[in-house]
Structure formats: structure tokens, C-alpha cells
Amino acid sequence: MSTESTLSIIKPDGVEKRIIGEIYSRFERAGLAIAAAKMMRLTPDQARSFYAVHKDRSFFDRLINFIASGPIMVQVLTGNDAIHKNRDLMGATNPKEAAPGTIRCDFARGIDDEETHRNIVHGSDSRESAEAEIGFFFKPEEIFVQGR
């Protein structure tokens, strides 16, 4: 295990449900620190740029419309094995397949082909994507890692 940073997004459905504090508590109980955070609303162009990796997928337009539909909470999480820990906390992409006690199992409604994007949270899946995603939302001087 190594100390690393990862990006986490609480999507519009999570913000609307007013569960930001509960999700933050789960991060912190798992040993992750919140090194940066901000609430914002993506424009459709920003959303298309952020999710460009999915541009050829059937759900792309629905994802863009959803993620730009309301405010999101974006945060940088740091800690030992942060990427893996955050992905474990989130649970499977489809909440119906997520383990009990995970964020998606506990808070997201079931999804189908029409709603693959309504699963409460997003998290980086690798060091490379974490670096790119963090850079998309935050300047280096906006990130405060404990002990530095």
C-alpha cells in the first residue's frame, strides 16, 4: 500500500438526497482524508470533456445530461491505497450488484440501461485517471495534503 490521491464526485442525485456528510464520514472512517473539496455545476461542455472516454458509449448523452443537471460535490481523497479504498466504499457500478454497506448499495436506486449514471458517486479507477481527473477540477495550490 502507498499513499496516493484519488478523485471522488458526489453526483447530482447524491447532492439532492443531502447525503454529502454521510459520504464524507465514510471516507474518513476508512482512513481517507479530504484534501480538497468544492461544490459546482458542470456545463454540458465541461461534462463532455470530463467523460470523453465514454463518448462512443450508448449512454453518453444521458450521462452528460444527468451530470450537468445539478450541483455536484468534487473532492480529492488522500491516504494509503486511496484509489482502491474509495472504489471499495463506492461498491459496484450497478447498485443492484453492490455489496451491503457500500455507498451505492445504501443510497442509489437500481439502475438499468437508461440510468447507468444515477449511482450517486464517481471515483477514479487508476493512478493515471486519478491524476488527470484531479487536474481537471483542481489547481495544485487548492489541494491540502495533511503533513505537507
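Buried here means under 20% relative accessible area, exposed means over 50%, and partly exposed is whatever falls in between (1.4 Å probe, protein chains only). The model is a predicted one, so local features need pLDDT of at least 70 and side-chain atom pairs count only at pLDDT 80 or more, while totals for chains, interfaces and linings use all residues. Residues are numbered from 1 along each chain as its sequence is written, and side-chain values use heavy atoms, with hydrogens and water left out.

**View 1**
Helices (H or I, at least four residues) and strands (E, at least two) are DSSP runs, numbered from the N terminus. H7 spans residues 127-137, and its buried residues are Ser-129, Ala-130, Glu-133, Ile-134 and Phe-137. Look down the axis of H7 and these fall within an arc of 125°, so they line one face of the helix; the arc is taken from the directions from the helix axis to the C-beta atoms. Turned away from that buried side are the exposed residues Glu-128, Glu-131, Ala-132 and Gly-135. What do the buried residues of H7 pack against? The list is strand S1 (3-10), strand S2 (33-40), helix H3 (44-50), strand S3 (72-80), helix H5 (82-90) and strand S4 (121-123), with contact meaning heavy atoms within 4.5 Å.

**View 1. Helix H4 and its buried side.**
In H4 (residues 60-67), Phe-60, Leu-63, Ile-64, Phe-66 and Ile-67 are the buried residues. They cover an arc of only 165° around the axis, which puts them on the same side of H4. On the face turned away from the buried side, look for the exposed residues Asp-61 and Asn-65. The buried residues of H4 pack against helix H1 (12-16), H3 and S3.

Side chains of opposite charge can pair when their charged atoms come close. A salt bridge is counted when a side-chain nitrogen of Lys or Arg sits within 4 Å of a carboxyl oxygen of Asp or Glu, and the structure holds six of them. One joins Glu-4 to Arg-127, with the closest N and O atoms 3.0 Å apart. Glu-4 lies in strand S1 and Arg-127 in helix H7, so the pair ties together parts that are 123 residues apart in sequence. Leaving aside residues up to four places away in sequence, Arg-127 touches Ser-2, Glu-4 and Ile-83. For a sense of scale, the C-alpha atoms of Arg-127 and Val-53 are separated by 16 Å, and the two residues are 74 residues apart along the chain.

Glu-22 pairs with Arg-29 in a salt bridge whose closest N and O atoms are 3.6 Å apart. Glu-22 is partly exposed, with a relative accessible area of 32%, and Arg-29 is exposed at 61%. Lys-38 pairs with Glu-142, the closest N and O atoms being 3.9 Å apart. Lys-38 lies in strand S2 and Glu-142 in the segment after H7, so this pair links parts that are 104 residues apart in sequence. Both count as partly exposed, Lys-38 at 25% relative accessibility and Glu-142 at 32%. Salt bridges that share partners also join Glu-22, Arg-26, Arg-29 and Asp-106 into one network.

**View 2. The largest pocket.**
On a 1 Å grid over the protein atoms alone, a pocket is an open set of points where a 1.4 Å probe fits, with protein on both sides within 12 Å along at least five of seven lines; lining residues have an atom within 4 Å of a point. The largest pocket has a volume of about 550 Å³, volume being the space filled by probe spheres set on the points, which are joined across faces, edges and corners. Of its 23 lining residues, Tyr-51, His-54, His-122, Gly-123 and Asp-125 are the closest to its centre. H5, S4 and H7 each supply at least two residues of the lining.

**View 3. The second largest pocket.**
This one has a volume of about 220 Å³. Its lining has 13 residues, of which Thr-3, Glu-4, Ser-5, Arg-127 and Ile-134 lie nearest its centre. S1, S3 and H7 are the elements that give two or more residues to this lining, and H7 gives the most, with four residues.
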